[in-house]
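Please read it alongside the sequence and the model.

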Amino acid sequence: MTPFDFQPADRPTFYFVGVSTGQSSIMRVFPEWAKALGLGDCPIHGIDCRPHDAPEVYRRVVAFLKHDALSLGGLVTTHKIDLLNAARDLFDGLTPDAELLGEVSCIFKRGGRLLGDAKDPLTSGLALAAFLPPRHWAETGAEVCVLGAGGSSLALTTCLMKAAAGAGRPSRLIVTNRSTPRLASMKRVHAQIASPVPVTYVHAPAPARNDAVLAGLPCGSLVVNATGLGKDAPGSPITDAATFPANGLAWEFNYRGALVFLEQANAQRQARNLHVEDGWVYFLHGWTRVIADVFDVEIPTGGPEFEELARIAEPFRRQPGESGPARRGGRVRPPPAFSRVRHGKTGD
Ligand SMILES: NC(=O)c1ccc[n+]([C@@H]2O[C@H](COP(=O)([O-])OP(=O)(O)OC[C@H]3O[C@@H](n4cnc5c(N)ncnc54)[C@H](OP(=O)(O)O)[C@@H]3O)[C@@H](O)[C@H]2O)c1
């Protein structure tokens, strides 16, 4: 569906602005979550735009979401920066994270106002907290190496730089990118954050340069593949000769595609005593935080209710390397009702 041929819906509708939205697991997960959360008869509609589409396209999408009374809002992937650049004046308000990162991943309405938020600093932090051992940074003095300096890398590094001392922070961040423009713009954003965590920016035009960065990491360090390689394009940002830090953690941001980086980490899992994580929990946090704002409902970020949403989503998860329809492993049990509409919190 392009923004030029979709008709206004006949019911309250949740939108997903992406590139190939029909292929995402969320198209199957959201209807089940909607039942569990008591969101009513509210479909999810995808709006597919081309990467770096014309500003006019993004303006039409945002104007539609703003002016159609049945449009509740939506989640934006891929176009987060381009959409905000093209349609900033159509928003009635932006959160501080949306302003800082210059992107919008969550579009929602309050009291007739169209608002934009950047969720990734929050949701990448929640996803990391779900697998990072408590007090890991304090006990290891380890570092974080993020391969790729795009939007999701900026979000994670922002989150780590802003972390309160009590919550623990890595001793250093290293960000690599194959070209320099993203590193330069990331540096400008980081300069606005008062943080004691030093950041090293590395131009890595070839995977061997990333291998060399990994070789210099102390034990216990976290290595993140935020390049999209393995899903958005084939391959991995490191070679098979790269060595992960002993007792470290390897985090692939994606959960579907031919995830070579994940395979490389898994191959060293036992020998290097690694924790290997994919992007599924990140996906769950990303969507649930946006749904909470768009529908103005409370959705916990952990505990039995979040676990229940994760359990509902699991049968629809595509496995790494799977390119066909989403796996539909188990029967979805009727979920318990646990809708809690937020009342009056935001002045509606
Ligand atoms: N699980 C989830 O819920 C979740 C959430 C967020 C993101 N993600 C995934 O994470 C991936 C990254 O997202 P994004 O929004 O940050 O993408 P992005 O803005 O396109 O950034 C990717 C960055 O990686 C760089 N890169 C590519 N190959 C490289 C290499 N070999 N070495 C070093 N850097 C390299 C690119 O460099 P150039 O600047 O030269 O192009 C670009 O800056 C995507 O696949 C996305 O789907 C998943």
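Helix α1 (residues 26-37) lies across β1 (13-18) and β2, and runs at about 155° to β2. Lying across implies contact, meaning heavy atoms within 4.5 Å, while axes are lines fitted to C-alpha atoms, for helices over the stretch in contact, with angles running from 0 to 180 degrees between N-to-C directions. Helices (H or I, at least four residues) and strands (E, at least two) are DSSP runs, numbered from the N terminus. The model is a predicted one, in which local features need pLDDT of at least 70 and side-chain atom pairs count only at pLDDT 80 or more, whereas totals for chains, interfaces and linings use all residues. Residues are numbered from 1 along each chain as its sequence is written, and side-chain values use heavy atoms, with hydrogens and water left out.

Strands β1 and β2 belong to an open sheet of 6 strands, ordered β2-β1-β3-β5-β6-β4, whose pairing is mixed; two strands pair if DSSP finds at least two bridges between them. Its edge strands, β2 (44-48) and β4 (93-94), each pair on one side only. Within this sheet, β3 (residues 71-76) and β5 (residues 106-110) pair in the antiparallel sense over 3 bridges, and Gly73 stands opposite Phe108 in β5.

Leu94 and Leu115, 21 residues apart in sequence, are 5.7 Å apart in space, C-alpha to C-alpha.

A further open sheet of 6 strands has parallel pairing and the order β9-β8-β7-β10-β11-β12. Because β9 (199-203) and β12 (275-277) stand at its edges with a single partner strand each, one side of each is left without a neighbour in the sheet. From one strand to the next, the twist averages 15°. Strand β11 (residues 249-252) pairs with β12 in the parallel sense over 3 bridges, and Trp251 stands opposite Glu277 in β12. Helix α5 (residues 120-131) lies across β10 (222-225), β11 and β12, at about 140° to β11.

**The ligand site**

Of the 23 residues around the ligand, those that come nearest are Ser152, Ser179, Asp232, Phe253 and Asn254; a residue is near if one of its heavy atoms lies within 4 Å. This shell divides into 7 nonpolar, 12 polar and 4 charged residues, where Ala, Val, Leu, Ile, Met, Phe, Trp, Tyr, Cys and Pro count as nonpolar, Asp, Glu, Lys and Arg as charged, and the others, Gly among them, as polar. The table lists polar contacts, pairs of N or O atoms within 3.5 Å.

| Residue | Protein atom | Ligand atom | Distance |
|---|---|---|---|
| Gly151 | backbone N or O | oxygen | 3.2 Å |
| Asn210 | polar side-chain atom | nitrogen | 3.3 Å |
| Asp232 | polar side-chain atom | oxygen | 2.6 Å |

The protein covers 80% of the 940 Å² of accessible area that the ligand has on its own, as given by the Shrake-Rupley method with a 1.4 Å probe. The elements giving two or more residues to the shell are α7 (151-162), β8 (173-177) and α12 (280-295).

Notes
A polar contact is a pair of N or O atoms within 3.5 Å; within protein, one must be able to donate a hydrogen and the other to accept it, and residues adjacent in sequence count only if both atoms are side-chain atoms.
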